[in-house]
Amino acid sequence: MKIAVFGTGGVGGYFGGLLAHTGHEVTFIARGEHLRAILRGGLRVKSVNGDFTIHPAQATDMPAHVGAVDYVVVAVKAYSLKTAAPQIRPLVGPETTVVPLLNGVDAHEHLIEALGPVPVVGGLCSLVSLIEAPGVIRQESRLRRVVVGELDRSKSEGVERLVEAWAAAGAEAIHAEDIWAALWTKFVFIASFGGVTSLARCTAGELLGSHETRELFIQAMREVDAVARARQIRLASDVVEKGLAVAEAFEPTATSSMQRDVAAGKPFELEAFSGTVVRMGEAVSVPTPVHRLIYGLLKPALLKAMA
């Protein structure tokens, strides 16, 4: 299969690297020193699941030089998607499937706006991975889960082929029966955990060890759950309890990626998380006071980081 990975960070570098490592024709869209390092020495993946190197690696910062592919895996940060989406157009042909692997629940909307509805499906992943150095991806946990599904809840051969390719490469790959439920189940947890840990500047252990902070986290998850149900998303009845169990399974020292970006003064995914919860809550008349608080108190830091 011919695949383009648009955004070769921790997610795109790892899941795209798996496909390239098992023989698929993968082109990595990257930039700057990361791109130059990949072109010089290949893409190195250091993983608890096994190290490998893609060398030589096909990589470029010019999607037009690649042309239409079978699949585009989109793995930029959520705050970069609106700008990035139009740049994907040269990669999309009549038979292309576009798979977003971003945090949040509305990545498909930006992609559809730029590309039209036909090539876009839904996707999400669970992975602990980052750029360790230019040209080097470090993947730090056994978990490497990717879920893909059609937005109309149908089943297509194109999505099935990609899921099978990831499964053959060793990932836990799932062709979702209901991608909306999968997206929102993750969103209930990640928007709340990211927001509360960023605001409280605490680890998972500290969050759970403080009664007040723990209850704030639970209430934040309940707000997202309520918004999802008002939007007719079919979530499990115990989705909040499962989200709490995810946090309890973390190492006590674990932090969220959003929290680390806030602390470093980098752009972070506030709009994709609490901003989306607030806006969607308003649209369906569901109050979201915890996420409104998170959004209001972190917005100055986001504006400073984006300046």
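The largest nonpolar core of the predicted model holds 68 residues, of which V74, L111, W184 and F187 touch the most other members. A nonpolar core is here a set of buried Ala, Val, Leu, Ile, Met, Phe, Trp, Tyr and Cys residues joined through side-chain atoms within 4.5 Å, where buried denotes under 20% relative accessible area, exposed over 50% and partly exposed in between (1.4 Å probe, protein chains only). Helix α6 (residues 179-200) supplies the largest share of this core, with 12 residues; helices (H or I, at least four residues) and strands (E, at least two) are DSSP runs, numbered from the N terminus. A second, separate core of 36 residues includes I38, I54, V146 and A165. Residues are numbered from 1 along each chain as its sequence is written, and side-chain values use heavy atoms, with hydrogens and water left out. Because the model is predicted, local features need pLDDT of at least 70 and side-chain atom pairs count only at pLDDT 80 or more, whereas totals for chains, interfaces and linings use all residues.

In strand β6 (residues 71-74), Y71 and V73 point one way and V72 and V74 the other, and all are buried. In a regular strand, side chains alternate between the two faces of the sheet. Strand β6 pairs in the parallel sense with strand β1 (residues 2-6) over 4 bridges, and with strand β7 (residues 97-100), again in the parallel sense, over 4 bridges; pairing requires at least two DSSP bridges between the strands. F6 stands opposite V74, while T97 in β7 is the bridge partner of Y71.

R144, in strand β9 (residues 136-149), is buried without a salt bridge, the nearest side chain of opposite charge, E172, being 8.5 Å away. A salt bridge places a side-chain nitrogen of Lys or Arg within 4 Å of a carboxyl oxygen of Asp or Glu.

The whole structure contains 17 salt bridges. One of them joins the side chains of R36 and E33 (3.1 Å, N to O), both in helix α2 (residues 32-41) and 3 residues apart, about one turn of the helix. Another joins E132 and K46 (2.6 Å, N to O). Since E132 lies in strand β8 (residues 122-133) and K46 in strand β3 (residues 43-47), this pair ties together parts that are 86 residues apart in sequence.

Definitions and conventions. Lys, Arg positive; Asp, Glu negative; His and termini not counted.
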